[in-house]
Amino acid sequence: MTDAIGGYFSKEAVLGESIRPSALSGTILVNTGRNALKYILRSLPKVDKVYLSYYTCEVILQPLNKLGIPYEFYHINEQLELAQPITLKTNEYIVINNYFGFQNQYIQRMVELYGEHLIVDNSQAFYAPTLQGIKAFYSTRKFVGVSDGGCVWLGYPKETSQSGLLHVDKSEGRNAYLTIRAQKGAGAGYAAFRKAEESLDNQVTKVMSVETRVTLGTIDYETIRVRRQQNFLDLHIALKDSNRLQLSLLLSRDDVLMVYPYWTDDSSLRQRLIDNHIYVAQYWPNVLEWCKKGDLEYELAQNLIPLPIDQRYGEAEMKKIIRIIR
């Protein structure tokens with residue numbers, strides 16, 4: 001049993017090599033996920049407006065503000081899907097979130113609806129497949145123990161060496177928390193983690209750091225896939241009847257979730273989990289400012305709890321989480 005369940009990653013154990021996810025095959029490797037979006041927007045000949053979900057992290061606004069691109073928010077429904085279809089004009093685009101990594105089939109429907117005007121936010125869906133002709137971006141540090149990194153898919157394979165970026169990022173000074181957590185536990189490295197997170201704001205777009213690329217090239221992604229899917233199933237079998245979010249027990253190879261999204265009416269649960277050293281984030285506090293009480297997104301920001309299911313944990317940790325919730 002580890003010192004705590006959830007929260008930021010420690011340095012990733014090198015387990016061997018396996019087939020890499022689509023996010024690392026034919027994509028342009030940059031320094032952050034938000035800069036991956038900026039790279040996509042810059043690749044487009046003209047962008048008059050971008051539509052974004054209210055239920056998203058505020059950092060997605062950074063590339064839009066940097067590039068001076070107007071944006072408009074849209075609402076989602078209880079399945080975390082587009083509430084109402086949006087009619088896009090010639091130079092308008094829509095960012096659709098693949099929430100928590102379980103919406104690959106929904107993304108396929110959005111491809112049919114929006115085609116080349118669609119940009120897929122796979123920040124929470126590292127194992128989601130790349131789709132021919134459809135632009136998408138990924139974040140590496142939400143799934144494995146690296147301190148930075150984003151992946152750009154322009155709709156077709158492209159080598160990083162052809163990216164046109166002038167500088168290579170450096171992870172030194174940012175990745176200390178990975179080792180601190182591995183050696184001393186979650187509490188000891190938290191301040192360094194927060195500092196590293198803040199350092200990613202408004203970064204110039206660069207090629208992914210050498211250290212991050214090397215680490216990503218030595219991870220056993222198949223072992224991670226199997227562990228995450230098993231942990232998801234363990235939680236879902238126990239919690240599906242009390243989870244307001246409807247999820248399927250049938251997982252394809254590409255359905256590898258970042259967390260188990262547990263939508264609950266128990267307002268005390270988040271703090272109860274934290275008090276028991278199960279660290280759960282809040283996605284996303286900014287939504288409480290963007291939306292008003294009564295909006296679905298406001299409810300989700302308050303009461304959807306992302307339970308950890310990542311590769312650091314197994315049956316014992318899942319049983320502890322279930323026991324505390326029940």
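Trainee: Where is Phe100 found in this predicted model?

Mentor: In this model, which is predicted, Phe100 is found in the loop between strand S5 (92-97) and helix H3 (104-114).

Trainee: Which value of phi does His277 have, and where is its place?

Mentor: His277, which is not a glycine either, has a positive phi of about 60°, and its place is in the loop between helix H8 (269-275) and S10.

Trainee: Which peptide bond is cis?

Mentor: The bond from Tyr283 to Trp284 is cis, with omega near -10°, and Trp284 is found in the loop between strand S10 (278-279) and helix H9 (287-290).

Trainee: How much space lies in the second largest pocket, and which residues are closest to its centre?

Mentor: About 380 Å³ of space lies in the second largest pocket; 16 residues line this pocket, and the closest to its centre are Phe102, Gln103, Asn104, Gln105 and Ser248.

Trainee: Which element gives the largest share of that lining, and how many residues of each class does the lining have?

Mentor: The largest share of the lining of the second largest pocket comes from H3, with four residues, and by class the lining has six nonpolar, seven polar and three charged residues.

How values were computed. Residues are numbered from 1 along each chain as its sequence is written. This is a predicted model: local features need pLDDT of at least 70, side-chain atom pairs count only at pLDDT 80 or more; totals for chains, interfaces and linings use all residues. Side-chain values use heavy atoms; hydrogens and water are left out. Helices (H or I, at least four residues) and strands (E, at least two) are DSSP runs, numbered from the N terminus. On a 1 Å grid over the protein atoms alone, a cavity is a set of points where a 1.4 Å probe fits but cannot get out, and a pocket is an open set with protein on both sides within 12 Å along at least five of seven lines; lining residues have an atom within 4 Å of a point. Grid points are joined across faces, edges and corners, and a volume is the space filled by probe spheres set on the points. Ala, Val, Leu, Ile, Met, Phe, Trp, Tyr, Cys and Pro count as nonpolar, Asp, Glu, Lys and Arg as charged, and the others, Gly among them, as polar.
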